Amino acid sequence: MRRMKYLFMFTTIASLLFFAIGCSSDKGGTNADGGQKSKDNGQSEQNETHQIKAIGYTWSEPPAKDGEGLKMLNDKLNINYDMQFVPESEYNEKLSAVMASGDIPDMIAFRSQGPTRLNYYKFAKQGAFMPLDDYIDDLEYKDYIPTHVWEAMKVDGKVYGIPTYYPAYTLTPMIRKDWLDNLGLEVPTNFEELKEVALAFTNDDPDGNGKKDTYGLVLGSGLSPDYSFGAYYSGSWYHKNDEGQYIPGLISEERKEIVEMLHDLYADGAVTPDFALMSHDDTNKEFYSGKAGIYYGTQYGMSDANMETLVEINPEAEVVPIPPFKAPDGSEGYPFEIGYLGLVAFSKANEGDTAKIEKMLEILRLGKQFIPWEERNPDNEDFDWLNGLEGKGYEMEDGKAKTIDKNNQPKSYLIDARGWPETPAAAEDWNSYKTPQLIDLVKKYSEMHEGIQHYADPTAGLISETDMNKGADLSQILTNAQSKMIGGDMPISDWNKMVEEYLSKGGQEVIDEYNEAIKENSREGIWE
């Protein structure tokens, strides 16, 4: 019902948006008193207090509308900033109504996934946003953002959004190094070695407790984690069909090899029993309770509590990443994460108003400042100001800043407050953890990723309306069938039947639409 409601709303918006753009196109040329504003970039323009409206989403309680942090931001930039935060779950519906109202905000935030992503693409094509290509080269953080992320900002060849930071690297496999040492084994470098290790973890008492109570790989519902060990076997759009079209990895012959491997290991007891019923929390417990030796992790979003549980059970526990395996085509690297959480677009009404655009870019610059962990204290003026000054917005506790009142923090009012580090390694994510074993693991993840290539999916940031409307159901066809194949409830010889069902129920349209968009945007899968 939500999808149907969205489609109906967009039909209405499409007919109103051109009118809305036209009605709002004079906003950039009128000052607070309603008079015509000079465009001569003179002294009066420099002293003008610009009215800037923005809308964005939030997963938490928004700050007060009149907080001290907002006053600090307005004073610093000489602006009158009106930031409307909307609960993320309600954002698409609210944004659709706002865009159709005729009162289009100056700055608009979009998610990188879901319906708002489709809205960004469609509104940009309809002329709702100003192109930002002429401003990109002057951004001090421009080169921090990967090429494939900037490509995802383009619609019809022009950049209409500035991306919001999200870590570049996706979840990849990790392994109990202490179990390997106990059994005289090494970190696997190919699938044959992986199978050997998984079986040894299942049959050879790797924890030394004299019981047969361990196994190899943790697997859960939706076939998560992904044990592809590289882009070649992954769900990425890496391979092409006989017509030369990129295809989703989950229907490739290469993916079939992974399913066959997992089927064999499951039959030998080396994969989680009843994995199709296991939630993410369940799979976490399987690994961190010491039952299994191979799982997945990353540099961000890990849990100290989970690692503390594992170390309490076995103080000698050591977990390390598994590097990617070399593929038959010679590639050796993991896929990139999508690479951005969302983006911020500027209303078309601001085009030509250089002074106001500079203020809007400065709002983004303030939020995109990445302050090194060791400088996050009162001695760093930028950090101190963004966090509302020591004693008012935050206090220092055990060497780390702790928020006192977010209403006093200017960063609470920024449409994008996610600092973008110069390199992924510069993020130093390990500083957000306290458990020594987890800190060591995250450092090793950083070292591994810095030493390998990553594959940028050519569909990233592109739109397939069929995928937006049917993608979840189509993915379910594939994961359900492959789960049954792994568990022995469906013969792997039915692989082609599964693919045909996927294609006939909308998958071919998804492939056609993405490949058309790839061609229109001169995209290709690239290694970086």
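Contact here means heavy atoms within 4.5 Å. Helices (H or I, at least four residues) and strands (E, at least two) are DSSP runs, numbered from the N terminus. The model is a predicted one, so to speak of local features takes a pLDDT of at least 70 and side-chain atom pairs count only at pLDDT 80 or more, while totals for chains, interfaces and linings use all residues. Residues are numbered from 1 along each chain as its sequence is written, and side-chain values use heavy atoms, with hydrogens and water left out.

Glu 286 makes a handy way in. This residue sits in helix 11 and touches Tyr 215, Val 218, Thr 272, Met 278, Lys 291 and Ala 292, leaving out residues up to four places away in sequence. Glu 286 counts as buried, at 13% relative accessibility; buried means under 20% relative accessible area, exposed over 50%, and partly exposed in between (1.4 Å probe, protein chains only). Between Glu 286 and Leu 219 there are 9.3 Å in space, C-alpha to C-alpha, although the two are 67 residues apart in sequence.

Helix 11 (residues 280-288) itself lies across strand 7, strand 8, strand 9 and strand 10, running at about 130° to strand 9. For such angles, axes are lines fitted to C-alpha atoms, for helices over the stretch in contact, and the values run from 0 to 180 degrees between N-to-C directions. Those strands make up an open sheet of four with the order 8-9-7-10 and mixed pairing, where two strands pair if DSSP finds at least two bridges between them. Strand 8 (215-217) and strand 10 (319-321) are at the edges with a single partner strand each, so one side of each has no neighbour in the sheet. From one strand to the next, the twist averages 30°. Inside this sheet, strand 7 (residues 172-176) and strand 9 (residues 292-297) pair in the antiparallel sense over four bridges, and Pro 173 has Tyr 296 in strand 9 as its bridge partner.

Thr 202, in helix 9 (residues 191-203), is buried too, with a relative accessible area of 3%. Not counting residues up to four places away in sequence, Thr 202 touches Lys 212, Thr 214, Tyr 215, Gly 216, Asp 268, Gly 269 and Ala 270.

Another open sheet has five strands in the order 2-1-3-12-6, again with mixed pairing. Strand 2 (79-87) and strand 6 (162-165) take the edges, each with a single partner strand, so one side of each is left without a neighbour in the sheet. Here the twist averages 25° from one strand to the next. Helix 4 (residues 88-101) packs on this sheet, touching strand 1, strand 2 and strand 3 (107-111), and its direction makes about 125° with that of strand 2. Strand 1 (residues 50-58) and strand 2 pair in the parallel sense over nine bridges, with Thr 58 bridged to Pro 87 in strand 2. Helix 13 (residues 354-368) lies across strand 1, strand 2, strand 3, strand 6 and strand 12 (340-346), at about 40° to strand 1.

Further along comes a hairpin. Strand 13 (residues 394-397) and strand 14 (residues 400-403) run antiparallel, joined by four bridges, and Tyr 394 has Thr 403 as its bridge partner in strand 14. Two residues lie between the strands, and Asp 398 in the turn has a positive phi of about 55°. Asn 387, in the loop between helix 14 (381-386) and strand 13, is buried at 5% relative accessible area. Leaving aside neighbours within four places in sequence, Asn 387 is in contact with Gly 393, Tyr 394, Gln 409, Pro 410 and Lys 411. Tyr 455 of strand 15 stands opposite Pro 335 and has Trp 527 in strand 16 as its bridge partner.

Finally, helix 16 bends by about 70° at Gly 471, the bend being the angle between axes fitted to the seven residues ending there and the seven starting there. Buried positions in helix 16 include Thr 466, Met 468, Gly 471 and Leu 474. Gly 488, with a positive phi near 85°, follows the helix.
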